[in-house]
Structure formats: C-alpha cells, structure tokens
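Please look at the sequence and the structure below, and keep both in view while reading. The report that follows goes through a few features, one heading at a time.

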Amino acid sequence: MDLRGGRRAREPVRQGGVAVKFGMFYPVAVASEAELGKGLWGLDSSRYANTIDELREQAICADETGWTSMMFAEHHFEIEGYHVTPNPLMLNVYLAQHTKRLRQGQMGLVLPNWNPLRLAEDIAMADHLTGGRLDIGLSRGYQPRSVGVMGQHYHANAAGTGRAEIEATNRRIVEEWFEVMRRSWTEDLWDFEGEFINVPPRGLQWNHPISARLEAGVRNGALHQVATVPKPRQWPHPPLFTTLTQSPETLNWSARIGSSVVTLAANLDIVRWVFQSYMDEAAKHGRELRFGEYSTGGGVVLCRNLAVGRTHEEAMETARQGSAFWTHWLGEFGFFEALRMKGQEGPVPKTFEQMVESGFQLVGTPDAVGEQIQRLKEELDVEYMIFIMYGGITEQKRMLETIRLFGEEVIPSFADKAAA
C-alpha cells in the first residue's frame, strides 16, 4: 500500500463474515481549540446554536457515508464550553429526524442524575421517535459537579473519587436504577421495593373506577403496581453500552445485564484482558461470545481517537486541534491513565504526543488509517470500533473531511461483501 499519495484498493477484512461497525462519540464543544480555556463559552447561546447546525451537517455526512452510529455524553453545568450536552436524548431525537439509517446513542446517560422511571420513559419515547435507531449508554458519572448536584436527593456523588463509601453508594444507585428501568421496559404491571426508591410508594390512593375495572394495579382504592408506557420500539430495549478502562466490577455488571463494554485502554494487553474477561463473565449468564464479538445483546467495543486527512500533515493538524479536549479538560479527571504504555512509569504525560505514541490516536491518510485498523482487527478480532470525534473544538471543514474520507475510503474495506 502506497502511503505517499497513490491509492490501491484493499481487500475486505472479514471475521466470520461479519462486517466491522464504526461509530462516533462526540464531546459537544461550543468553542474552538484556540478559544477554550479563555472564556465561559457555555453561556453563549449563539455558539450553541452554531454547534447544533454543525452537528446536523456532520450527522448527515456520516449517514451518507456508511457510519453505524453517533453518540453523545451527558454533562451538566459545563459553562467552560468543553462539553455542552445536558440531555443527549433530545439531541438524539433531533438528529434522527435529519438522517435515515445512522443510529443515535449516548456514552452515556449518568444514571444517578435521573429519576429512573422518568429516564425509562424518556428512553422508550426516544426509541420510537428515532425509528428504533436508539442505543443506550449507561454511566456512573465521573464529575462531582454534575452528579453531586443532580443526584443530591439520593446522596449520590461521582465515580472515581477513591472514597469507598462514595463509590459503593454510586454503584448501588446505578444497579438499582437499572433494575427499575429494566422492569419499566420489559414488564407490564410491576412493583419494586429498593434501598433508594419504592415503586409505587406504600399507601398511595388511586380510586378511579376505570383503573379498578381494568385491574390496572389497583386494589381496594390503593395503588399496588404500575406500568410504564410506552414500551420501547426495540425489544426488550435498545442495545446497551458501558464505558470502562479495566474496572472488574463494572465489567462483571455489564456482562450480567447484557451491556456491551467500550474500553478506552490504549495498552492492547489490557484490551485483551477486557475482551476475555467479558467473554468469561457473559458465559456465566448463558451468553457464549467469540473473542472480540459485538452483539446487540452485549459484547465488546474498542474506543480510539480518529483524524483523517488527504495528507499526513492535514490529519495531524486535525488530531492536534481535537486533542485539546484531553490535554486541557479530560486529563484533569485522570483519563490519561488509560493511555499508559507498557513499561511506562510515573505520571502519564497529559500531551498530544502521549495520545499518538500510545496508539490511542489513529491519524493519517485513509490508507494509513486503514492499515492501523487492520492491525487492530488482526490483533483483537474486534467487530465494533467507536471513535471519539471533536466537533466544535476542531474546524468544521476538518470534521467533515475526516467523516467523509473515512466513510468513503476506509469503511468499505471492512464491509462484509457477501452480506452486501
């Protein structure tokens, strides 16, 4: 393969006849790399409006060029402007109206921030409004400013604090909230008594004669069961995703409930451990998976950064602009630890160079990036890759170039031609 300018067609890469899926994961910034850190840009509504316009254009481009999905995360109070997505479900519904096949999702919804009944209802509605193209990301939340404020009624705080009692409370809330959501989606009339919530609360009166006649969870004028409506369009619910590096507790819980794990680990030995551990744990719950397999009922996904350009220099500039999200913002929450290289000691440098050298940043021409993905495919048999993309931080023309070049010149090489 000529990396100096000429291109020749690559043979499709197949794993048991399964095409590789490619998704995008967006921090929704409202200022450029040069501006971030120099103002409270999240307060500027005109900037947010411009960001939405750009996201719509990018989603349409991805829809037309073979991408599988586009995902967002939930964050609150980010007046600094790095990540302005307080309700990704609303963004999912909006972008679905402008696309035909691109799936919409989150990475993820921070469960302690929500009432689980309301979240289950909103997800079910969004599943219908997106035409059944919704994926669901489950998150414990890593920012105290968000979880500590939004989840205060349940004495919740963020994951990753290092304090055992906070971590334990966070996990118990997440697991209880998901069980309430699962029942909301999959059961008709039901009740639940938990540590943090009772559904319905005891002694709640409901005297309507129609409810009594239809046996709608009512006995002797009191509500004993509820049924959340609507049910999701996808059965039993939209596909689930959970992000992690190497947490055994999160991995085991994800395998048990059928949520795919999305690992950010740069070290391929850690990635192999995540993939194998998920396989082993899923088998305990009756789900046999191949190494590297993704399925809508739970599997494994590899996460990386991506920047593509007509030349290596153009791609590097695109990658450098987007790296500001890590070097300025995300690194302060400990995320560079996921990029620790084998044998690297001491604090991990919070630099663009670390992102590239660790292999987390895929960057280059379509041919060069295709070769990087092929190596990962051969190493890990991975069937689904999600790339972090930096809309708002990176110039719009560069975002569109990465999406279109990758979609038109790389994705077809990893398609299952027989299925097509």
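## A loop residue to begin with

In which loop is His 155 found? His 155 is in the loop between α4 (144–150) and α5 (164–186), where helices (H or I, at least four residues) and strands (E, at least two) are DSSP runs, numbered from the N terminus. The phi angle of His 155 is near 55°, which is a positive value in a residue other than glycine. As background, most residues other than glycine have a negative phi, and most peptide bonds are trans.

## What kind of model this is

This is a predicted model, in which local features need pLDDT of at least 70 and side-chain atom pairs count only at pLDDT 80 or more, while totals for chains, interfaces and linings use all residues. Residues are numbered from 1 along each chain as its sequence is written, and side-chain values use heavy atoms, with hydrogens and water left out.

## The chain as a whole

The chain has 13 helices and 14 strands. Its radius of gyration is 22 Å, close to the 22 Å that the globule rule gives for 420 residues, so the chain is as compact as a globular protein of that length; the radius is taken over C-alpha atoms, and the rule is 2.2 Å times the number of residues to the power 0.38. Along its principal axes, the C-alpha trace spans about 80 × 50 × 45 Å.

An unreviewed UniProt entry lists residues 22–378 as "domain: Luciferase-like"; UniProt positions are given in the numbering used here, feature names are shortened, and annotations may be inferred rather than shown by experiment. The span is 39% helix and 14% strand, and its end C-alpha atoms lie 16 Å apart.

## Two pairs of packed helices

Two packed helices are described by the angle between their axes and the distance between the axes. Helix α1 (residues 45–64) packs with helix α13 (residues 396–409) at an angle of about 15°, and their axes are 9 Å apart; axes are lines fitted to C-alpha atoms, for helices over the stretch in contact, and angles run from 0 to 180 degrees between N-to-C directions. The helices α1 and α13 are therefore roughly parallel to each other (under 35 degrees is roughly parallel, over 145 roughly antiparallel, 65 to 115 roughly perpendicular and the rest oblique).

## Cis bonds and a meeting of loops

The peptide bond from Val 199 to Pro 200 is cis, with omega near -10°, and Pro 200 is in the loop between β7 (198–199) and α6 (209–213). Another cis peptide bond joins Trp 235 and Pro 236, with omega about -5°, and Pro 236 lies in the loop between β9 and β10.

Val 226 lies in the loop between β9 (222–223) and β10 (240–244). Leaving aside its neighbours within four places in sequence, Val 226 is in contact with Asp 188, Leu 189, Trp 190, Val 199 and Pro 200. The C-alpha atoms of Val 226 and Ser 184 are separated by 8.8 Å, although these residues are 42 residues apart along the chain.

Definitions and conventions: Contact = heavy atoms within 4.5 Å.
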